[in-house]
Amino acid sequence: MNLIGRYEKKVSKFPKIFIVILIVTTIILAYFASQVDMAPGEDDFQPDTDIALANSMINEEYGREGEQIVVISVARDNVLTRDSLIRQLELEERISRSEIISSVIERSPQNPSGISSSARLISTAAFINEASTLMEPSALIQNAFQLSYEDMVTILEGGELTKNEVEIYFDSFEPDMLTEFYQDPSISAYLPLEDILGFLLSNDYRSVSQTASKSLMSVDIQRDITDDELLEAEKEVRSFTRELSDDELSLRILGTALVSEEISAASGRNIAILMPIAFIFVIVVLAIMYRNVTDTILNLVSLIMAIIWVYGIGSILGLNLGNPMMTTVPVLIIGLGIDYGIHFTSRYREELKEGHGINRAIVMTGATVGFAILLTTVTTVLGFMSNITSNISAIRDFGILCSIGIISAFILMLTFFPASKKLIDGRRKRKGKTLFKEREATNKISFGKKFWSKIGEPDTFCKSDRPCVNNGLGLGAIAARTPVKVIIVVLLITSAGAYGASQLEAEYNFTDFLPSDLEVTETFNIFVNDFSFSQETVYILVEGDVAQPEIFQSMPDAQSEALASEYAVFGARTPESPYNLALSMIDENSENYDQTFAEFWYENIDKNDDGRIDEDISREDVQFVYEMIIQLEDSSRVLKEENGDFTGFVLRIPVDTQNEEKVEEVVNDMETASQHFQNKNMDRILVTGAPIVSQSIFQSIQEGQIQTLIITFFISLIILMVLYMYLGKGPLLGAVTIVPLVFVISWTFGAMYFLNIPLNPVTVTIAAITVGLGIDYSIHLTQRFLEDIKEIPHPECALCVTTSHTGTALFGSATTTVVGFAILSLAIIPPLAQFGQVSAISITFAFLASVFVLPTFLLLWYKYKYQ
């Protein structure tokens, strides 16, 4: 008797003790499950690479990029009409007067209101156009960039303003006036109007007709506010946009806090939709298979307990259960856990039919199918646990949580279920009741019989007293008699799959987890597809003794070369660096101007006043410059000081990677710029930033797919080879058992390509899962063949009996698993729906390969070893 058989003997002997232990454990874990934080975060998908870790370090130690609340104005006709612009100004006015929003707006001398919009920009340009000949330049600029809401409405509607006792008259604005503004040198001297409008207007903007369908408004938000404060501000803006929208002009908000909230809400709705469907499916399947209310309820209770265990243990381990991938775990547990119940119950009933008592039936079930379930549990857990090698935390946590779920379902189905059956069936037997209702025999001719009678297969193929081709599943065994044909067909299909797999590309965006039918999703798609506006920044990080003169001398050249990239952005945002801060301190028009510093600069740093750092500066000079810079409010964003030593700095370069299509080119340009700091004994020189981290996620997805697949495949192979060598069948049988999975992986990735399903952080796990789950069917079939060959010495006949009978059980098991995964295709979160589709396809392929391909290799193995 094997390990599982001995364990079931204990369970059947002390059922009440085992049940109490499991119930108490479940209650304790239910408490921890109730403490789970379900808040999602984009950082969950950041890989543990040097680039990603450096980006996180910069955000934490130097400061994040400022948040922006973006409002998109969508006009039915032209967003540049006077009425549309005034509506945008009305939204600005409400935002400025709101205490909730006003308290978190980031204001600066360059943008006193903290708000940028085409309406404000055009109003400012119109003011300069009319007032430039009436006011002194200093007064002109002061008034132009501090216009009130009422001032801007007057300018657009037409009327008279009095500024500095100067009366200025404005004609009512018409879009074609922009052409005049572009050509006005007084405007271009102070305001790059056309360049900035190019960012704020949609890609369909036409300067000839001065028309555009959409425009942007951005509200700069302080960097140090909490997530709750940001969410409250974004909700306030959303309420304003809804009040001001109508059929002529629709105002749409896009904010990071609202996106995160929508993803979190979508995850909750996802579970609310999928869980009832999954349980209804389980009830229907079990009711059909068992035709027994008690067995159905026991399976359901076991599955519910397994789900509680998963979230309880996950909470204890500190796993992040809020990322959207985790919403699939309960459905996976239901889809996979039900298999254990079906296999155990079916074999338990077989043992009862053989005349065994309840205790003996439980023990024999554990010793036979229980051992096979143990093997499949091990391989399935390996499939999921291989994801811990991923450098993306969300994928690691997903693998760990799924493994916990599979182990929990295994323990409960082989403990709670048989212990409960012992008590319930024992009571029924004492009362003289039947333990289960048997199916009535039928003489109906099956598909397999009909098929083979048409092509001439003799009824005497298998002379066993057990029928062989009583269903279509026996066809795989009969086809095994022509192995060359089977292998050729399989290789042809596999070749097509391999081609498709080679064409797959990784895709990732956190907003992919937004349901497609949400307003925020539509708004995000408008922002990405219809605008060239970029909020991206890349960093050149330099760490070490940065007070060396050579490093400071290299900074202007590195920055200039970085800004020379065709993907660098100018106008709306400016680069940040210690050098730029130093320049602001010698600029008399800057709020950072410091006369003492300016005198030092021209006496020691730029003695020739040629705009370049002198070659003979000393370390003390650089140290003094840094000590002066560090006193500025924004210095911590670019310069790091530790105990009086300056140990690092960051160059922040605004870029536009064109929706991350040009990340590699940007990286190449920035790495070229960083070469100016090379060979100067720095500890680290690295180029990073959000778009580069996103690119590293793509690479991690593709590399992780291969890595987890190799790990899962070879560990499963080693386990099976060692196991069958221990059982006296030889290690080759282990390799034969896993061979079909090679084909299945190719077929699955080929299907993904042909069905246009991308590789993303969710679907990338499918390779390892395919091995972990798909091998279950191969193990069950191989194990049953080894049993049947003992009773039926004819290998073809034994194989046919195996596929006809065990194949039927596998069909039921595969059907429940496939439908369980297919339920995920109903998920409102697109990557999860795609994962469900791919998983269902993969399990279908694994079942077909085990029943129709594996028999060929089993027969070849048997003939090689014994004949």
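**View 1. G357 in its loop.** G357 counts as partly exposed, because its relative accessibility is 28% (buried means under 20% relative accessible area, exposed over 50%, partly exposed in between; 1.4 Å probe, protein chains only). G357 sits in the loop between helix 15 (329–353) and helix 16 (358–385). Helices (H or I, at least four residues) and strands (E, at least two) are DSSP runs, numbered from the N terminus. Leaving aside neighbours within four places in sequence, G357 is in contact with L352 and K429; contact means heavy atoms within 4.5 Å. G357 and G426 lie 69 residues apart in sequence, yet 9.6 Å apart in space, C-alpha to C-alpha.

This is a predicted model: local features need pLDDT of at least 70, side-chain atom pairs count only at pLDDT 80 or more, and totals for chains, interfaces and linings use all residues. Residues are numbered from 1 along each chain as its sequence is written, and side-chain values use heavy atoms, with hydrogens and water left out.

**View 2. The open sheet 2-5-1-6.** This sheet has 4 strands in the order 2-5-1-6, with antiparallel pairing. Two strands pair if DSSP finds at least two bridges between them. Strand 2 (115–117) and strand 6 (249–254) stand at the edges with a single partner strand each, so one side of each is left without a neighbour in the sheet. Neighbouring strands are turned by 15° against each other on average, direction ignored. Axes are lines fitted to C-alpha atoms, for helices over the stretch in contact; angles run from 0 to 180 degrees between N-to-C directions. Strand 2 pairs with strand 5 (residues 214–221) in the antiparallel sense over 3 bridges. There, S116 has S218 of strand 5 as its bridge partner. Helix 22 (residues 519–530) packs on the sheet and touches strand 1 (67–75), strand 5 and strand 6. The direction of helix 22 makes about 95° with that of strand 6.

**View 3. Strand 1 and its two partners.** Strand 1 and strand 5 pair in the antiparallel sense over 8 bridges. I69 stands opposite V219 in strand 5. Strand 6 runs antiparallel to strand 1 and is joined to it by 6 bridges. V74 stands opposite S250 in strand 6. In a regular strand the side chains alternate between the two faces of the sheet.

**View 4. The open sheet 8-9-7-10.** Here 4 strands take the order 8-9-7-10, and the pairing is antiparallel. Strand 8 and strand 10 stand at the edges, each with a single partner strand, so one side of each is left without a neighbour in the sheet. The twist averages 15° from one strand to the next. Strand 7 (residues 536–543) pairs with strand 9 in the antiparallel sense over 8 bridges. V542 stands opposite F649 in strand 9. Helix 3 (residues 50–62) lies across strand 7, strand 8, strand 9 and strand 10, at about 85° to strand 10. Helix 23 touches strand 7 and strand 9, and its direction makes about 15° with that of strand 9.

**View 5. Helix 26 and its packing.** Helix 26 spans residues 619–629; D621, V622, Q623, V625, Y626, M628 and I629 are buried. These buried residues pack against helix 23 (549–563), helix 24 (578–585), helix 25 (595–605), strand 8 (639–642) and strand 9 (645–655). Y626 also belongs to one aromatic cluster with F552, F597, W601 and F646.

**View 6. Aromatic pairs.** The structure holds 25 aromatic pairs. Rings of Phe, Tyr and Trp (its six-membered ring) pair if their centres lie within 6.5 Å; planes under 30 degrees apart count as stacked, over 60 as edge-to-face and the rest as tilted. Y31 and F32 form an edge-to-face pair, 5.4 Å centre to centre, with 70° between the planes. F649 and F677 are also edge-to-face, at 5.5 Å and 70°. This pair links distant parts of the chain, 28 residues apart: F649 is in strand 9, F677 in the loop between helix 27 (663–674) and strand 10 (684–689). F649 and F677 are both buried.

**View 7. The largest nonpolar core.** This core has 132 residues, and F384, F398, F821 and F835 have the most contacts inside it. A nonpolar core is a set of buried Ala, Val, Leu, Ile, Met, Phe, Trp, Tyr and Cys residues joined through side-chain atoms within 4.5 Å. Helix 30 (residues 766–791) gives the largest share, 12 residues. Beyond four places in sequence, the contacts of F384 include L332, L336, F398, I769 and L773.
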